[in-house]
Amino acid sequence: QVQLVESGGGLVQPGGSLRLSCAASGFTFSNYWTRWVRQAPGKGLEWVSSTNSGGNTYYADSVKGRFTISRDNGENTLYLQMSSLKSEDTAVYYCTRDWNYWGKGTLVTVSS
């Protein structure tokens, strides 16, 4: 059974940093694209970043240069290091495999 469990969200001041984790189980993590997607309050889903089995990384323009996606295939974990956070980064962050399997999300609030 595929499971994705996000953690690491919280309240952070503008300009601060936060690292999100997504623990994966029930499948061979190293074989799959995995992605971070976010949903701001009252808005739709927004793709944030992706990484594939080869370790290539891709970013939305809105986070490029501030966020870094990485994966630890030995630990079956996906990460999102977020820096220089802005109020507009406030959202629930989800990890997803194939756009078919989703975690329950972790809330990031950027506010002073």
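## Close-up views of a predicted model

The structure holds 1 disulfide (a pair of cysteine sulfur atoms within 2.5 Å). This is a predicted model, in which local features need pLDDT of at least 70 and side-chain atom pairs count only at pLDDT 80 or more, while totals for chains, interfaces and linings use all residues. Residues are numbered from 1 along each chain as its sequence is written, and side-chain values use heavy atoms, with hydrogens and water left out.

**View 1. The disulfide of Cys-22 and Cys-95.**
The sulfur atoms of Cys-22 and Cys-95 lie 1.9 Å apart. The link is right-handed, with 55 degrees about the S-S bond. It joins distant parts of the chain: Cys-22 sits in strand 3 and Cys-95 in strand 9, 73 residues apart. Strands (E, at least two residues) are DSSP runs, numbered from the N terminus. Both cysteines are buried. Buried means under 20% relative accessible area, exposed over 50%, and partly exposed in between (1.4 Å probe, protein chains only).

**View 2. The largest nonpolar core.**
This core has 26 residues, of which Trp-36, Phe-67, Leu-80, Met-82 and Tyr-93 touch the most other members. Strand 3 (18-25), strand 7 (67-72), strand 8, strand 9 (91-97) and strand 11 (106-110) each give two or more residues to the core. Strand 3 gives the most, with 4 residues. A nonpolar core is a set of buried Ala, Val, Leu, Ile, Met, Phe, Trp, Tyr and Cys residues joined through side-chain atoms within 4.5 Å. Leaving aside neighbours within four places in sequence, Phe-67 is in contact (heavy atoms within 4.5 Å) with residues including Val-48, Tyr-59, Leu-80, Met-82 and Tyr-93.

Two strands pair if DSSP finds at least two bridges between them. Strand 7 and strand 8 pair in the antiparallel sense over 6 bridges.

Thr-77 is found in strand 8 (residues 77-82). Thr-77 counts as buried because its relative accessibility is 10%. A polar atom of its side chain lies 2.9 Å from the backbone oxygen of Glu-75. Beyond four places in sequence, Thr-77 touches Cys-22 and Phe-29, among others. Tyr-79 is also found in strand 8. At 16% relative accessibility, Tyr-79 counts as buried. The bridge partner of Ser-70 is Tyr-79. Among the residues that Tyr-79 touches beyond four places in sequence are Leu-20, Trp-36 and Ile-69.

**View 3. Two hairpins that share strand 5.**
Strand 4 (residues 34-39) and strand 5 (residues 45-51) pair in the antiparallel sense over 6 bridges. Thr-34 stands opposite Thr-51 in strand 5. This hairpin has 5 residues between the strands, and Gly-42 takes a positive phi near 75 degrees. Strand 5 also runs antiparallel to strand 6 (residues 57-59), joined by 3 bridges. Here Thr-51 stands opposite Thr-57. The hairpin of strand 5 and strand 6 has 5 residues between them, and Gly-55 in the turn has a positive phi of about 85 degrees.

Terms used. A polar contact is a pair of N or O atoms within 3.5 Å; within protein, one must be able to donate a hydrogen and the other to accept it, and residues adjacent in sequence count only if both atoms are side-chain atoms.
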